[in-house]
Number of protein chains: 2
Amino acid sequence: MAERISDAEHEIMEVLWQTAPLTATEVADRVAEAKGWSLQTVKTLLSRLAAKAVIGTERDGRRFLYSPLVERDTYLAGVSRKFVDRLFGGKVTPLVAHLAEADELSDDDIREIEELLRELKG
Amino acid sequence: MAERISDAEHEIMEVLWQTAPLTATEVADRVAEAKGWSLQTVKTLLSRLAAKAVIGTERDGRRFLYSPLVERDTYLAGVSRKFVDRLFGGKVTPLVAHLAEADELSDDDIREIEELLRELKG
DNA sequence: CACTATTGACTACATCTGTAGTTTCATCGA
DNA sequence: TCGATGAAACTACAGATGTAGTCAATAGTG
């Protein structure tokens, strides 16, 4: 459980989270724009994801339709948690502090986040 | 440039960021508590880090002293950026939104972050 | 019906990672 | 001086990852 998804595999997942089900060729077409991988590479990645039961397959004649079995939010939650645990001792505040200090936050970002937090409380 | 640091290597870096320079044995002692790696494993990791020029070595008689060549903040900045780029389209707000929705943020966290943002503006 | 294009299955292979074992060389104590 | 010790260097090796190639079956097309 909580199978690891590699960077390349993640790229495939993003496509499937956006639209599913898709055939291997369709997935390949969509990632080709950004990554330029061959169809074979995409098929390998789909196989590996299916082997990990992160995506499901459904026969459609002689080909397969692939769909995510894991929701994007669930995945993000796990990855974010691991990230924050590993680099910021599990605390989110230091992460935000770090991003802020590293000038990764524009004034607009700050306003947006403040707005968001206000909603959370209200 | 911007050499990749693996999870295990990162563990070593944390030790060196806390105290440096240290000998291989000293590093091994400190990670042993948490990770239980053998001295050889630690030495391998130190070699790999040195090969990547992420840490520097200084001869001290028959042994070496190791020190970070990259600052923790610099490293965190790079890794955080990559993380946010890859998973949240480079925007920090969706990350915070996600953490908030995933209940990763306690009320205290929220207060802390608000405080932090206020300081940033002020 | 024969041929070609498509598709999944299987195979490949270099590199990176985690986790050491083995060898060699220098040094310190008896 | 000589052997035990400790440190670095070199070697190992399985599993994950990135990136395909090849093969075999099948489904349309002329």
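1. A word on angles to begin with: those under 35 degrees count as roughly parallel, over 145 as roughly antiparallel, 65 to 115 as roughly perpendicular and the rest as oblique. Axes are lines fitted to C-alpha atoms, for helices over the stretch in contact, and angles run from 0 to 180 degrees between N-to-C directions. H4(A) and H5(A) pack at an angle of about 80°, with their axes 9 Å apart, and are therefore roughly perpendicular to each other. Helices (H or I, at least four residues) and strands (E, at least two) are DSSP runs, numbered from the N terminus.

2. Please keep in mind that this is a predicted model, in which local features need pLDDT of at least 70, side-chain atom pairs count only at pLDDT 80 or more, and totals for chains, interfaces and linings use all residues. Residues are numbered from 1 along each chain as its sequence is written, chains are lettered from A and ligands numbered from 1 in the order in which they are written, and side-chain values use heavy atoms, with hydrogens and water left out.

3. Which residues bring H4(A) and H5(A) together? Phe83(A), Val84(A) and Phe88(A) of H4(A) meet Val92(A), Pro94(A), Leu95(A) and His98(A) of H5(A), where contact means heavy atoms within 4.5 Å. By class, this contact has six nonpolar, one polar and no charged residues. (Ala, Val, Leu, Ile, Met, Phe, Trp, Tyr, Cys and Pro count as nonpolar, Asp, Glu, Lys and Arg as charged, and the others, Gly among them, as polar.)

4. H5 of chain A (residues 92–101) also packs against H4 of chain B (residues 72–88), at an angle of about 95° and with the axes 10 Å apart. That makes H5(A) roughly perpendicular to H4(B). On the H5(A) side the contact uses Leu95(A), His98(A) and Leu99(A), and on the H4(B) side Asp73(B), Leu76(B), Ala77(B) and Ser80(B). Four nonpolar, two polar and one charged residues make up this contact.

5. Now for the two H4 helices: the axes of H4(A) and H4(B) cross at roughly 180° and come within 12 Å. H4(A) and H4(B) are therefore roughly antiparallel to each other. Residues in the contact include Tyr75(A), Val79(A) and Phe83(A) from H4(A), and Tyr75(B), Val79(B) and Phe83(B) from H4(B). The class count here is 12 nonpolar, two polar and four charged.

6. The largest pocket deserves a look, with about 1000 Å³ of space. Its lining has 34 residues, and those nearest its centre are Arg4(A), Phe83(A), Arg4(B), Phe83(B) and Arg86(B). H4 of chain A and H4 of chain B are the elements that give two or more residues to this lining. By class, the lining has 18 nonpolar, four polar and 12 charged residues. (On a 1 Å grid over the protein atoms alone, a pocket is an open set of points where a 1.4 Å probe fits, with protein on both sides within 12 Å along at least five of seven lines; lining residues have an atom within 4 Å of a point. Grid points are joined across faces, edges and corners, and a volume is the space filled by probe spheres set on the points.)

7. Lastly, some backbone details to check. The Ala20(A) to Pro21(A) peptide bond is cis, with omega near -5°, and Pro21(A) sits in the loop between H1 (7–18) and H2 (24–35) of chain A. In chain B, a cis peptide bond joins Ala20(B) and Pro21(B), with omega about -5°.
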